[in-house]
Amino acid sequence: MSRTSRRTRRLRRVLILVALLAIIADAIFVFYLDRRVTSQFEGRRWTLPAQVFAQPLELYAGLGLSVDALEAELARLQYTRASDLTRPGTYRRRGSRLDIAARRAQFVDEVREARTISVITGSGGVTRLVDMNGTQLPIFRLDPLLIGSIFPIHGEDRIVVTPQEVPPLLPTALMVVEDRRFETHHGVDLEAILRAAWVNVRAGAIEQGGSTLTQQLVRSYFLDERQTLWRKIKEAVMAVILEARFEKADLMNAYINEIYLGQDGQRAIHGFGLASQFYFGKPLNELSLSEIALLVAIVRGPSYYDPRKHPERALARRDLVLKLLSDFGAVGEADARKAIKQPLEVTASVTAGYYPAYLDFVRRTLRRDYREEDLTEAGLKIFTSLDPRVQATAERALVDELKRLDQRYKEKQVLLEGATVVTAPQSGDVVAIVGGRQTGLDGFNRALDAKRSIGSLAKPVVYLAALETGRYNAASLIDDAPIEVKLPGGKLWRPENFTHQAHGLVPLTRALADSLNLATVHLGLDVGVPKVAQTFTRLGLDKTPDPNPALILGALDLSPLEVAQLYNSLANGGFRTPLRAVRDVLSAEGTALKAFPLEVTPVADSATVYQLNRMLTKVTQRGTGRAVYNRIPPDVIVAGKTGTSSDFRDSWFAGFAGNHLAVVWIGFDDNRPTGLTGSAGALTVWSNLMRRLDPESWDATLPESLTEVWIEYPTGLVANPGCADDVVSIAVPKDSELPIKPGCGEDPLSDFAERTRQWLEGIIRQ
Amino acid sequence: MMRLTLMLAMAMLLSGCNLPNPYAPPTPPRQVPGGAPSLPPSPESQTPVETLPAPEPVPEPSPAPPPREYQLSSASRSLVDQAHAQMVAGNFVVAAGSIERALRIEPNNPLLWIELGKLRQAEGNHAQAENLGRKALSLATGDPRTQSSAWRLVAESLRARGRGPEAREAEARADALVLR
């Protein structure tokens, strides 16, 4: 035997061995991949972030929305005008009448199928509601606006759609543009790869991809984004396995729900269901040809073809998609031409209809009852109290005023900030939260986390405590005189009035309206600081403030939300209702899991609170809050209080009309002085906000135990509007004894003057 | 200006009837006598009404006497009916949701607060039932019938918690209001 042949034989044996080993390794590899791909894909359950909804707009006869306002609400829900109303999500307007093809919608108590209704409006709002048979409807709710979702840390957000919810054009378009032989290939398309390679070599750059939809799905579902040869091989093998194991229709549906289509800060937009909401604010099955074409265009490069950041690129590629669709006969030539003429029509901002500050409050509420995974994965549906109209108005009012105020400051590095909370007092619904001037940014939520000195916002609590003693009423006189108070640490506290003047004896109602510090300190000390501190807790503060005398003038750091809880108990007539953002939680299947019911607790006598609220209406009519009527119609009664902390670090306004309560704070994050008083910054925001909400008067009915009296504003003496120039009306208990202004009415009791004098002296001694 | 004229007209109209005028200063600018609910309008208290100046740039709350009998709007009515049906089916959570929808439309209607209170009572949440009854009472000024049913709700919730004497007192108030 020659040495050569021996060597050849050995080489052959080695080769066979190697080949065998390779086949075994390969088989193991494929087997392993098959196990992994099949099990993962079969048991696939996308993690479904909880979807969060705003409160639905209720339509009923008597609703005070004009036909224009209603149309604006439909636009917010991305309803489009159409003459035939054959598709849900469309409407038509005929003068003062709106015909609405309402979408199918999930509510807590029912799934309401798509339905067409007519809304007839008059000068005062909605007058009638009928269905298509002309039958009167007492009430009808539109579909609730999707305002966001609670997605996990890795940021994958999606809305899963079923094949029935996908417009048939979408898979067709995906095949035409991304993978023309999808129906016939086995996962990998060699011809497409070669063609792409040829094009790329000629162009000297990567211009075409040869990946099939299946490969793209594998890449997104199983692999990371690294571009290595090994990964390419794995991808191809897995694609072939998927094709062998699953139906084409399954793969297409998986693709539609899986693929990455955009980015919004931390939030990655996955699947066409969410992309449709993200870019157009409406469900996938309502998209037009040009909108579908845009989404298909974005697939190739969600950041490169971002229609908001690079509209020209996105438009060019969309038109290319439309042309391809027409070339391949997927749509008619005329339709494609018409679609090419359409502008992009994506919703204005990335965060349109997305309210991070409000969602933050929702998340915090839910974390008490749910694990993080339940919220980010279980597909819960969360129904909240957010009122999109109020939220949009609140954002605008705050941002506009902050921008206006910016001009006052030379230094532009640190910007003035602000926050707003709006509630519906009787239900305790939080209807809007603005957490800062960048309303779309999920950053520091000042409405919840900025604990700032409340200043004079504390005064109504002091006056309520005083009225509750029964020793005071709105006309009682208190001494607005200099005072020194020894603080627990031995320091001497010398509060001052804003004007550095003392006013002598003033009635309670004036002391509150003009926010007199000295009078209030006298009052608060007489009532007792611990009693004042305890009143804060009773009204809804979840801690008892330190009973330091300075508490009387608001040495207490609270968030706008905490202030809203306190004032809500006043606006709600002495009933405390926990402020709530979440009403109900539904499972992915639509069963109610949890409700946050409306609960009330009486915390102060409603007649006493009524007296205080009447005094708070004097703040806006006569006192430091007068400027609200620069913007609010004079016939609308509102109650409120200005607040300023020491050195003008914080500007506050808290107040309510009949239907809404709002708390506004303005200041710098680093707590430097702003130079703004409560009546400058925050008050302007508050009154602009209220004006745009068409406020109803605060019109609580006079409790039976009270009576209304006119008193002279400076002196507190009972006087008719006919016999004194400067009178205000107050409410006092029916058995109150009030001194009369001389010359105002006859005194039937001869000793009345003497009794008045004694009574006055009694007050002064206090 | 029109408002002013209107208010004057209304003031005069009211002065013609034997109703207290909300804008007029309380009858005697003397002491407000303790607890006497019905003050006969004295002649001199009527006089200023004729020449009543604009009371204040901003009108006062409750310009009209409170309604004598609260009613549900048709929207609220249908939601309350729906809630009753949902209660019969034993679904209290959803039924409460329906009444809350009505309350968002008419938050000041005491009848709705009573409905919610009755639901809580049926559900066994007696403390809330009482609170909701008291909330209704604070809104039902001038409507004895509604006040009476609110007191009855309070009485039931007290009785359910074994607070017999208080319950009887509330019941007596409820009775007195409808017999009046």
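1. In helix H20 of chain A, the buried residues are A:Pro560, A:Leu561, A:Glu562, A:Val563, A:Ala564, A:Gln565, A:Leu566, A:Tyr567, A:Asn568, A:Ser569, A:Leu570 and A:Ala571. Here a residue is called buried if 20 or more other C-beta atoms lie within 10 Å of its own, exposed if 12 or fewer, and partly exposed in between, with C-beta atoms placed from the backbone. Because 12 of the 12 residues of H20(A) are buried, the helix is largely enclosed by the rest of the structure. Helices (H or I, at least four residues) and strands (E, at least two) are DSSP runs, numbered from the N terminus.

2. Please bear in mind that this is a predicted model, in which local features need pLDDT of at least 70 and side-chain atom pairs count only at pLDDT 80 or more, while totals for chains, interfaces and linings use all residues. Residues are numbered from 1 along each chain as its sequence is written, and chains are lettered from A and ligands numbered from 1 in the order in which they are written. The model scores ipTM 0.83 and pTM 0.82.

3. The length of H20(A) agrees with expectation, because its 12 residues at 1.5 Å a residue should span 16 Å and its end C-alpha atoms are 16 Å apart; the expected span is 1.5 Å times one less than the number of residues. H20(A) is followed by A:Gly573, which has a positive phi near 70°.

4. Helix H19 of chain A, residues 529-539, has A:Val529, A:Val532, A:Ala533, A:Thr535, A:Phe536, A:Arg538 and A:Leu539 buried. An α-helix has 3.6 residues a turn, so residues three or four places apart point the same way. The cover over the buried residues of H19(A) includes helix H16 (459-468), helix H18 (517-527), helix H20 (560-571) and strand E24 (575-576) of chain A. After H19(A) comes A:Gly540, with a positive phi near 130°.

5. Which strands make up the open sheet in chain A, and in what order? Five strands form it, in the order E11-E1-E15-E25-E26, and the pairing is mixed; two strands are said to pair if DSSP finds at least two bridges between them. Strand E11 (146-150) and strand E26 (592-595) are the edge strands, each pairing on one side only. Neighbouring strands of this sheet are turned by 20° against each other on average, direction ignored, where axes are lines fitted to C-alpha atoms, for helices over the stretch in contact, and angles run from 0 to 180 degrees between N-to-C directions. Strand E25 (residues 582-586) and E26(A) pair in the antiparallel sense over three bridges, and A:Leu586 has A:Ala592 in E26(A) as its bridge partner.

6. A:Phe383 lies in strand E15 (residues 381-384) of chain A and is buried, with 24 other C-beta atoms within 10 Å. Leaving aside neighbours within four places in sequence, A:Phe383 is in contact with A:Phe53, A:Val108, A:Pro144, A:Arg583 and A:Asp584, contact meaning that the C-beta atoms of two residues, placed from the backbone, lie within 7 Å. The C-alpha atoms of A:Phe383 and A:Ala581 are separated by 8.6 Å, although these residues are 198 residues apart along the chain.

7. Strand E28 (residues 639-644) of chain A has six of its six residues buried, so the strand is largely enclosed by the rest of the structure. Both faces are covered, with A:Ala639, A:Lys641 and A:Gly643 on one side and A:Gly640, A:Thr642 and A:Thr644 on the other. E28(A) pairs with strand E29 (residues 650-656) in the antiparallel sense over six bridges, and A:Thr644 stands opposite A:Ser651 in E29(A). The two strands form a hairpin with five residues between them, and A:Asp647 in the turn has a positive phi of about 60°.

8. Two loop residues deserve a look. A:Gln78 is not a glycine, yet has a positive phi of about 60°; its place is in the loop between helix H2 (67-76) and strand E3 (80-81) of chain A, and with 19 C-beta neighbours inside 10 Å it counts as partly exposed. A:Asn671, also a residue other than glycine, has a positive phi near 70° and lies in the loop between strand E30 (661-667) and helix H22 (681-692) of chain A.

9. Chain B has eight helices and zero strands, and 43% of its 180 residues count as buried. The mean pLDDT of chain B is 75, with 62% of its residues reaching 70 or more; pLDDT is the predictor's confidence in each residue, from 0 to 100. Over residues 6-63 of chain B the pLDDT is below 50, and beyond near neighbours in sequence this stretch has 88 contacts in the model.
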